[in-house]
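Colleague: Can you walk me through this model? I would like the overall picture, then some of the charged pairs.
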Amino acid sequence: MRTIANLSVMPPPSLSALPEPDETARGHSARVVADVRAAIDRGGGFITMADYVQRVLYAPGLGYYVAGAHKFGAAGDFVTAPEMTPLFARTLAAQVEPILAATEARDIVEFGAGSGALATDLLVALMARNALPARYCIVDLSPELRERQRASIAARAPQLLDRLHWLETPPATIDGVVLCNEVLDAVPAQVIERRAGNHLECGVGWDGALCPATRPLVSGPLYSLAEERFPADGDYLSEINPAAEALVEDIGRRLVRGALLVFDYGFPQGEYYHPQRNRGTLMGHYRHHAHTDPFLWPGLSDLTVHVDFTAVALAGERAGLTVAGYASQAAFLVGCGILDRLQEAGDPTSVEYLREASAVQKLLSPAEMGELFKVMALSRSDGIAWPGFAAGDRTHRL
């Protein structure tokens, strides 16, 4: 998983405790810093935090997600739920199947498929249910990750390779299921600070090294959103993510039938902008450690923010979608039958069963991923069964 469940209340480890990158990795990070510095110079000494994150994560040939280093799994910087256990995808199949049944094209579109674990295990699970999609489209810009995804499918289910399609942009129309598993948290967010009654745009400058910088925020959309969402009084700093909201709205306008499923860590707006959460949620992830320094090894460290699920819901509604459900990951997976899938893992005394049981415990435990991670469904079809929200729908809290 990208983060620990109680990240917002536990301090991250000291930066001195983090493993040092090797010489090759240091050289790559230095090239990323040079690229950022050039952007700062072009910007007159300042770029926004969103621009900085965009460059260090996605700059062609340099960014964290496109430069070829391993990110996922034990050898990378974090592990996502589908990589922890195939039971995640097998359980998700119980919700994907009735959504596909309500569509005509029966497509699945996954954004940011990572190592390909979710695509592989979900296709195998749907094949066992006799509910395969007509196509499984992966929207991913990383050539290295595309090859890992292709290899994963080829090794596990080569007969399904002809259903896989890799895209750089989403299809013009989508008739089926859209999956965003830990995608929105990696969309670069703007960081806004209110200090002594004045609004400031937070960003990055150069003072012999990358450093925090601010500039006055003039009236406009970001100013209005900060006024609307921030607590009424006092100094405050947090993120606002118009790009993530625009992505959801864009997907919603392309979706002609079916539903969008979002899995990510985050909160409804009232909790996201709580007065006590006054320094935002921007975090780095490096070699399975969470940290708070956005300038630590640029290009080698992931940077993420938590998701404002109220904003996600409103973006979907602007595109004509309906919130079909919103639940903790634990409630969603239990509703979809993950405990039944665990029972199918074999002898309860076997090593395989105990390994899967340990992973399921992490997926469900409030102290791990069960509570911080949420699931939201935004739908454009009627008559879909929603087992994932049968026992724990929290839509009223949005």
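Modeller: What follows goes from the whole chain to single residues.

Modeller: This is a predicted model, where local features need pLDDT of at least 70, side-chain atom pairs count only at pLDDT 80 or more, and totals for chains, interfaces and linings use all residues. Residues are numbered from 1 along each chain as its sequence is written, and side-chain values use heavy atoms, with hydrogens and water left out.

Colleague: OK, how many helices and strands are in the chain?

Modeller: The chain has 13 helices and 16 strands. These are DSSP runs numbered from the N terminus, with helices being H or I of at least four residues and strands E of at least two.

Colleague: And what is the radius of gyration?

Modeller: It is 21 Å, which agrees with the value near 21 Å for a compact globule of 398 residues. The radius is taken over C-alpha atoms, and the globule rule is 2.2 Å times the number of residues to the power 0.38. Along the principal axes, the C-alpha atoms fill a box of roughly 60 × 45 × 40 Å.

Colleague: How much of the chain is buried?

Modeller: Buried residues are 58% of the 398. Buried means under 20% relative accessible area, exposed over 50%, and partly exposed in between (1.4 Å probe, protein chains only).

Colleague: What share of the contacts join residues at least 24 apart?

Modeller: Taking contacts between residues at least 6 apart in sequence, 78% join residues at least 24 apart. A contact here means heavy atoms within 4.5 Å.

Colleague: Switching to charges. How many positive and negative side chains are there?

Modeller: There are 34 positive and 47 negative side chains, and the centres of the two sets lie 2 Å apart. Lys and Arg count as positive, Asp and Glu as negative, while His and the chain ends are not counted. Each charge is placed at NZ of Lys, CZ of Arg, CG of Asp or CD of Glu.

Colleague: Why would such side chains pair up?

Modeller: Side chains of opposite charge can pair when their charged atoms come close. A search of the whole structure finds 19 salt bridges, each being a side-chain nitrogen of Lys or Arg within 4 Å of a carboxyl oxygen of Asp or Glu.

Colleague: Which residue does E104 pair with?

Modeller: E104 forms a salt bridge with R257, with the closest N and O atoms 3.5 Å apart. The pair links distant parts of the chain, 153 residues apart: E104 is in the loop between helix 4 (87-101) and strand 2 (107-111), and R257 is in strand 10 (residues 255-267). E104 is exposed because its relative accessibility is 64%, while R257, at 28%, is partly exposed.

Colleague: Which residues are in the network with E104?

Modeller: D175 and R257 are linked with E104 in a network of salt bridges.

Colleague: What about D107, which partner does it have?

Modeller: D107 forms a salt bridge with R135, at 3.2 Å between the closest N and O atoms. D107 is in strand 2 and R135 in strand 3 (residues 135-139), 28 residues apart.

Colleague: Is D107 buried or exposed?

Modeller: D107 is buried, because its relative accessible area is 8%. R135 is partly exposed at 32%.

Colleague: One more pair. Where are R215 and E201?

Modeller: Their side chains meet in a salt bridge (3.1 Å, N to O). R215 lies in strand 8 (residues 210-216) and E201 in strand 7 (residues 198-206), so the pair ties together parts 14 residues apart in sequence. R215 is partly exposed at 35% relative accessibility, and E201 is buried at 8%.
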